[in-house]
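Hello,

Here is the structure I promised to pass on to you. Have a look at it first, and then read on for what I found.

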Amino acid sequence: MPEAAAKVLTFEIERDGDTAVVKCHGRLVAGTTEEVYQEVKHLLPQLKAVVIDLADLTYVDSMGLGALVRLYAAARQTGCDFQLLHLGKQLRNLLKMTNLLSVFGQTEDHGINIA
């Protein structure tokens, strides 16, 4: 199963000083979320900002959404700024349905277009 999960989601973390950009590719779904969550959470105390770039993400399920919410909460606890970049239509609709779009609304405040 881990081999199949690896094909579903890939990600890379690019660090620039105290900022990290996490570029996700594929599907953020059950069975794929824990690795990205643990990798990013481990970095949070060292960072001032984390940007999750979702431009190449094709699908997010409830577990994927949960991982994003958990990262958001962990970032807030460490005083790290957390931003979602390039929300696709499916994720934006999921955030609207779960009333979480306003939680991630700070992305608009940073000039990031989520429409």
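The face of helix 4 that points away from its buried side carries two exposed residues, Lys 89 and Met 97. Buried here means under 20% relative accessible area, exposed means over 50%, and partly exposed is in between, computed with a 1.4 Å probe on protein chains only. Before going further, a word on the basis: this is a predicted model, in which local features need pLDDT of at least 70 and side-chain atom pairs count only at pLDDT 80 or more, while totals for chains, interfaces and linings use all residues. Residues are numbered from 1 along each chain as its sequence is written, and side-chain values use heavy atoms, with hydrogens and water left out.

Back to helix 4, which spans residues 89–97. Its buried residues are Leu 91, Arg 92, Leu 94 and Leu 95. They sit on the same side of helix 4, because they cover an arc of only 160° around the axis; the arc is that of the directions from the helix axis to the C-beta atoms. What do the buried residues of helix 4 pack against? Their partners are strand 3 (49–60) and helix 3, where contact means heavy atoms within 4.5 Å. Just after helix 4, Asn 99 takes a positive phi of about 55°, although Asn 99 is not a glycine. Asn 99 belongs to the loop between helix 4 and helix 5 and, at 62% relative accessibility, counts as exposed.

A positive phi also turns up at His 86, about 60° in this case, and His 86 is not a glycine either. You will find His 86 in the loop between strand 4 and helix 4, and its 40% relative accessibility makes it partly exposed. His 86 and Leu 85 are both touched by Ala 55, not counting residues up to four places away in sequence. Ala 55 itself is in strand 3 and is partly exposed, at 47% relative accessibility. Ala 55 and Leu 87 are 32 residues apart in sequence, yet their C-alpha atoms are 6.9 Å apart in space.

For the overall layout, the chain has five helices and four strands. These are DSSP runs numbered from the N terminus, with helices being H or I of at least four residues and strands being E of at least two. Along the sequence they follow the pattern α-β-β-α-β-α-β-α-α. Of the 115 residues of the chain, 43% count as buried. Among contacts between residues at least 6 apart in sequence, 70% join residues at least 24 apart.

Next, a helix pair. The axes of helix 2 (residues 33–43) and helix 3 (residues 62–78) come within 10 Å and cross at roughly 10°. The axes are lines fitted to C-alpha atoms, for helices over the stretch in contact, and the angles run from 0 to 180 degrees between N-to-C directions. Helix 2 and helix 3 are therefore roughly parallel to each other (under 35 degrees; over 145 is roughly antiparallel, 65 to 115 roughly perpendicular and the rest oblique). From helix 2, the contact uses Thr 33, Glu 34, Tyr 37, Val 40 and Lys 41, and from helix 3 it uses Met 63, Gly 64, Ala 67, Arg 70, Leu 71 and Ala 74. The residues of this contact divide into six nonpolar, two polar and three charged, with Ala, Val, Leu, Ile, Met, Phe, Trp, Tyr, Cys and Pro counted as nonpolar, Asp, Glu, Lys and Arg as charged, and the others, Gly among them, as polar.

Finally, the aromatics. Rings of Phe, Tyr and Trp (its six-membered ring) pair if their centres lie within 6.5 Å, and planes under 30 degrees apart count as stacked, over 60 as edge-to-face and the rest as tilted. By this rule there are three aromatic pairs. The rings of Tyr 72 and Phe 82 have centres 6.0 Å apart and planes at 75°, so this pair is edge-to-face. Since Tyr 72 lies in helix 3 and Phe 82 in strand 4 (residues 81–85), the pair ties together parts that are ten residues apart in sequence. Both Tyr 72 and Phe 82 are buried. Phe 82 also pairs with Phe 104, and that pair is tilted, at 6.3 Å centre to centre and 45° between the planes. Phe 104 lies in the loop between helix 4 and helix 5 (106–109), so its pair with Phe 82 of strand 4 ties together parts that are 22 residues apart in sequence. Phe 104 counts as buried, at 2% relative accessibility. Tyr 72, Phe 82 and Phe 104 form one aromatic cluster.

Best wishes
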